[in-house]
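This briefing covers aromatic ring pairs and a helix packing contact. Please consult the sequence and structure shown here.

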Amino acid sequence: MCDENAVDKIFARNGISRNDYTVEVVDEPFPDKFTAAELKKACEIMKKAVPGVHLTITSGSKYYVDVLKDTVDSWIFSHFDIYNKEKGEKAAYFRTLKGKNWSVYCCVTDIRQNLYSYYRLQAWKSFDINSDYVSIYQFFAQNGGMDFRRMAKDGELAYETSSTLVPTVRLENLRIGIDDVRYMRLLEKHAKGNSETARKARAFLKKASRDVVVVAPHDRSLAAKMRNEAIKFILELKK
């Protein structure tokens with residue numbers, strides 16, 4: 001007999017509630033492999049089997065949002081799509097719907113990706129579209145074998161060993177970007193009221209992420225400059 005709550009029970013023993021995880025229905029679907037009707041049926045079956053389960057789809061918003069908007073709880077959008085007017089139209093529409101979550105992810109399996117524009121700016125992209133979390137593929141490769149064969153050849157964030165995971169410089173740059181955004185979020189909390197500093201801080205926040213991600217992603221000093229500016233505003237507003 002199948003226990004539809006088996007996953008919940010395992011997570012609950014480890015302090016993870018249903019609100020803390022999501023189930024990915026499909027990764028990067030295309031209509032020639034899955035019709036919208038098929039995916040909708042799959043989502044409905046999962047919702048019926050496990051009431052309240054949170055469902056996610058990665059990419060494919062261009063083809064499926066109109067049909068799946070009522071059955072999918074969150075969507076993970078490709079960073080190639082969100083700033084493309086044509087490809088990102090449905091993603092932008094989904095982000096207007098109430099009660100939905102979304103993220104932006106990158107999935108270029110190349111160890112030579114730029115540490116700044118690809119890794120550090122990933123969190124900035126999430127901040128720019130006001131997403132709930134940051135997504136990136138992949139954390140580590142699921143490869144068996146001896147330690148010397150477990151290398152992050154596809155740009156993984158960590159090296160796998162027989163006993164632990166070793167962070168890479170790519171993970172460190174992703175963390176730096178996440179810390180950048182933490183300062184931006186902290187400034188949002190402090191930039192209240194009608195003081196001149198608060199007004200300037202809100203104006204700064206309105207354009208900071210777009211400048212970093214869209215206007216000048218080639219300027220590797222800009223994220224740090226924006227972070228320092230945010231810290232200055234926070235200190236001033238806390239006086």
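Phe30, Tyr63 and Tyr64 are joined into a cluster by ring pairs, where Phe, Tyr and Trp rings (for Trp, the six-membered ring) pair if their centres lie within 6.5 Å. The model is predicted: local features need pLDDT of at least 70 and side-chain atom pairs count only at pLDDT 80 or more, while totals for chains, interfaces and linings use all residues. Residues are numbered from 1 along each chain as its sequence is written, and side-chain values use heavy atoms, with hydrogens and water left out.

**Aromatic pairs**

- The count comes to 9 aromatic pairs.
- The ring centres of Phe30 and Tyr63 are 5.9 Å apart with planes at 55°, so the pair is tilted (under 30 degrees is stacked, over 60 edge-to-face, the rest tilted).
- Phe30 lies in the loop between strand 1 (23-27) and helix 2 (36-49), whereas Tyr63 belongs to helix 3 (residues 61-68), 33 residues apart; helices (H or I, at least four residues) and strands (E, at least two) are DSSP runs numbered from the N terminus.
- Phe30 is partly exposed at 44% relative accessibility, and Tyr63 is partly exposed at 39% (buried is under 20% relative accessible area, exposed over 50%, partly exposed in between; 1.4 Å probe, protein chains only).

**Helix packing**

- The axes of helix 5 (residues 115-128) and helix 8 (residues 222-237) come within 11 Å and cross at roughly 30°; axes are lines fitted to C-alpha atoms over the stretch in contact, with angles from 0 to 180 degrees between N-to-C directions.
- Tyr116, Arg120, Leu121 and Trp124 of helix 5 meet Leu222, Ala223, Ala224 and Met226 of helix 8, contact meaning heavy atoms within 4.5 Å.
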